[in-house]
Each structure stands twice: as structure tokens, then as C-alpha cells.
Amino acid sequence: FCGLSPLSQSEIEIGWWLAPEYWGNGLASEAALAVMLYGFERLNLPRIVSIAQPPNQRSIRVMKKLGMHFEKMSTDRRGIEVVYYAKDKLGIEPVL
């Protein structure tokens, strides 16, 4: 799965979930780039965010490949600490 969903009333999050046997093949990066471009170009979103738990370095690597930048550590709605990355529509191009 890869898609966009509301993170809050003012922010849209991109997220991806793959079965472990598919990790490490570039599928998350490829799907996330397509979804991000759709969000910016077709939905005209000004900004897209993504969150992950700090130990989830694979997802953080995908965020960086997409050209997202670290903004903050935060606590999500369930009380879990997460890293918070974001990209503006006019931001740096992805580095895939």
C-alpha cells in the first residue's frame, strides 16, 4: 500500500506499507514518488508530510530519497514518538 491521507486538519501524510519479503527492492521509493507527484501535480497540494518511529530507518531513508526534510520529533495521537519529515511543492527534487 502507498497513499495519501489526512494527518491533521491542515496536513496530508504520505505513507507506505510493504510485506517484509518486498523490502529492499526500491518499491516503497518508487510508489511513494508516484503518489507524491500525483499529490503535488494533480491534487495541487502545497505540502506533504510523513512520519515514522525513529528506529524505522528504512522509512526514513525513503523520506530522504523523496527530498523530504526533517522538521521535528513529535508525539503522535497514540503517544508514540515519531520523526516528522516534510516537503513543499516547490522544494528540492527527489534524489532517487
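**Entry 1: burial and overall form**

I began with burial: 35% of the 96 residues of the protein chain count as buried. I note here that this is a predicted model. Next I looked up the surface. The accessible surface of the protein chain comes to about 6,200 Å². Carbon and sulfur atoms hold 55% of that surface.

Then I checked the dimensions. Along the principal axes, the C-alpha atoms of the protein chain fill a box of roughly 30 × 30 × 20 Å. The radius of gyration of the protein chain is 13 Å. For 96 residues, a compact globule would have a value near 12 Å, so the two agree.

Residues 24 or more positions apart account for 56% of them.

**Entry 2: helices and strands**

How many helices and strands does the protein chain have? I find two helices and five strands. I read their order along the sequence as β-β-α-β-α-β-β.

Strand 1 covers residues 2-6, and strand 2 covers residues 12-16. The two strands run antiparallel, and five bridges join them. They form a hairpin, with five residues between them.

**Entry 3**

I turned to charged side chains. Opposite charges on side chains can pair when the charged atoms come close. The count comes to three salt bridges.

I took Glu11 first. The side chains of Arg47 and Glu11 meet in a salt bridge, at 3.3 Å from N to O. Arg47 lies in strand 3 (residues 47-52), while Glu11 lies in the loop between strand 1 and strand 2. The pair is 36 residues apart and links distant parts of the chain.

Glu71 came next. Its side chain meets that of Arg47 in a salt bridge, at 2.7 Å from N to O. Glu71 sits in strand 4 (residues 69-75), and Arg47 in strand 3 is 24 residues apart from Glu71.

The closest N and O atoms in its salt bridge with Arg47 are 3.6 Å apart.

Is Glu11 buried or exposed? Glu11 has 16% relative accessibility, so I mark Glu11 as buried. The cut-off for buried is under 20%. Glu71 has a relative accessible area of 33% and is partly exposed. Asp88 has 36% and is also partly exposed.

**Entry 4: a nonpolar patch**

Which residues form a nonpolar patch on the surface? I list Leu18, Tyr22, Trp23 and Leu27. Together they have about 380 Å² of accessible area.

I followed up on Leu27. It lies in helix 1, which covers residues 27-41. The relative accessible area of Leu27 is 37%, so I mark Leu27 as partly exposed.

Definitions and conventions
Residues are numbered from 1 along each chain as its sequence is written. This is a predicted model: local features need pLDDT of at least 70, side-chain atom pairs count only at pLDDT 80 or more; totals for chains, interfaces and linings use all residues. Side-chain values use heavy atoms; hydrogens and water are left out. Patches are made of residues with over 30% relative accessible area and no salt bridge: like charges are joined within 9 Å, nonpolar side chains (Val, Leu, Ile, Met, Phe, Trp, Tyr) within 5 Å. Accessible areas come from the Shrake-Rupley method with a 1.4 Å probe; for residues, only the protein chains shown count as cover. A salt bridge is a side-chain nitrogen of Lys or Arg within 4 Å of a carboxyl oxygen of Asp or Glu. Helices (H or I, at least four residues) and strands (E, at least two) are DSSP runs, numbered from the N terminus. Buried means under 20% relative accessible area, exposed over 50%, partly exposed in between (1.4 Å probe, protein chains only). Two strands pair if DSSP finds at least two bridges between them. The radius of gyration is taken over C-alpha atoms; the globule rule is 2.2 Å times the number of residues to the power 0.38. Contact means heavy atoms within 4.5 Å.
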